[in-house]
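Hello,

Here is the structure I promised to pass on. Please open it first, then read my notes below.

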Amino acid sequence: MTIELSALPTDTRIDDATADLLFREARTVRTFAEGEVTDEQLEAAYDLAKWGPTAVNFTPLRLLVVRTPEARRRLADHMSEGNVERVLTAPVSLVLAADTRFHQHIPTLAPHMTAMVGMLEGNDEQRRAFATNNSWLQAGYLILALRAVGLAAGPMAIADAAGVDEDLLAGTGWTSLLVVNVAQAEGSGTTFPRAARLGWDQATTTV
Ligand SMILES: Cc1cc2nc3c(=O)[nH]c(=O)nc-3n(C[C@H](O)[C@H](O)[C@H](O)COP(=O)(O)O)c2cc1C
């Protein structure tokens, strides 16, 4: 069942065409349309995604933009076999990573919480949990933001994340979470049939 947003009693909702673009019609891209994905397009997507909420405004997500054949090859070496071809052929791939030293930006991002800098410096486990959890949250915002600027996103797990960290993220303090292939949005970008989603009644309990 599709709920028409135009039936909702508010002026601030998005229209149904935008809901289709961001959610209902958008697919995980697996076959890539011709055409370059520019840094300007990627920056425009980041520029939207950065506004999504995170704990204390930590915003720990960082991006490695993988473009050159040599960098693609290195990234592909850390992917599972079924994901290699897409990393080698996507117009561009992003490695989404969590900055484990995000707390150094707290004076800028949350000046009222500067006491947390020292507290987090001394608590590696808590810092890593904040970094990872909030970067995953931002990964979701980024996938939708890529769609919002007219691109298609293809998220893929990283088989050997420690290998990516050592090879491509050495010296950054970033830990890799996910690869997102990015292409021009054209057609569905996949030959897979759309799988079902759980409905409201299956996914919710009200107390
Ligand atoms: C965190 C995450 C990890 C994923 N890992 C893989 C993967 O390793 N290989 C793959 O082919 N697809 C992967 N996917 C793609 C999902 O299978 C796909 O997004 C989901 O089935 C929905 O497909 P749809 O957008 O076409 O409806 C991943 C997606 C996410 C969000």
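Keep in mind that this is a predicted model.

I began with the ligand. The residues around the ligand are Arg-27, Thr-28, Arg-30, Asn-83, Arg-86, Pro-155, Met-156, Ala-157, Leu-178, Arg-194 and Arg-197. By class, five of these shell residues are charged, four are nonpolar and two are polar.

Where does the shell come from? Both α4 (81–89) and β3 (151–157) supply at least two residues each. β3 gives the largest share, with three residues.

Next, the polar side chains. Arg-194 has a side-chain N or O atom 2.5 Å from an oxygen atom of the ligand. For Thr-28, a polar side-chain atom lies 2.6 Å from a ligand oxygen. For Arg-197, a side-chain N or O atom is 2.8 Å from an oxygen atom of the ligand. Taken alone, the ligand exposes 630 Å², and the protein buries 62% of that.

Then I looked at helix α2, which spans residues 39–49. Its buried residues are Leu-42, Ala-45 and Ala-49. Why do they sit on the same side of α2? Because they cover an arc of only 60° around the axis.

What covers the buried residues of α2? The cover includes strands β1 (61–66), β2 (92–99), β3 and β4 (174–184), along with helix α7 (124–148).

Best wishes

Conventions: Residues numbered from 1 in each chain as written. Predicted model: local features only at pLDDT ≥ 70, side-chain atom pairs only at ≥ 80, totals over all residues. Heavy atoms only, no water. Near = heavy atom within 4 Å. Polar contact = N/O pair within 3.5 Å; in protein donor to acceptor, adjacent residues only side chain to side chain. Areas by Shrake-Rupley, 256 points an atom, 1.4 Å probe, with all protein chains shown as cover. Helix = DSSP H or I, 4+ residues; strand = E, 2+ residues; numbered from the N terminus. Nonpolar A, V, L, I, M, F, W, Y, C, P; charged D, E, K, R; others polar. Buried < 20%, exposed > 50% of the residue type's maximum accessible area, 1.4 Å probe, protein only. Arc of directions from axis to C-beta. Contact = heavy atoms within 4.5 Å.
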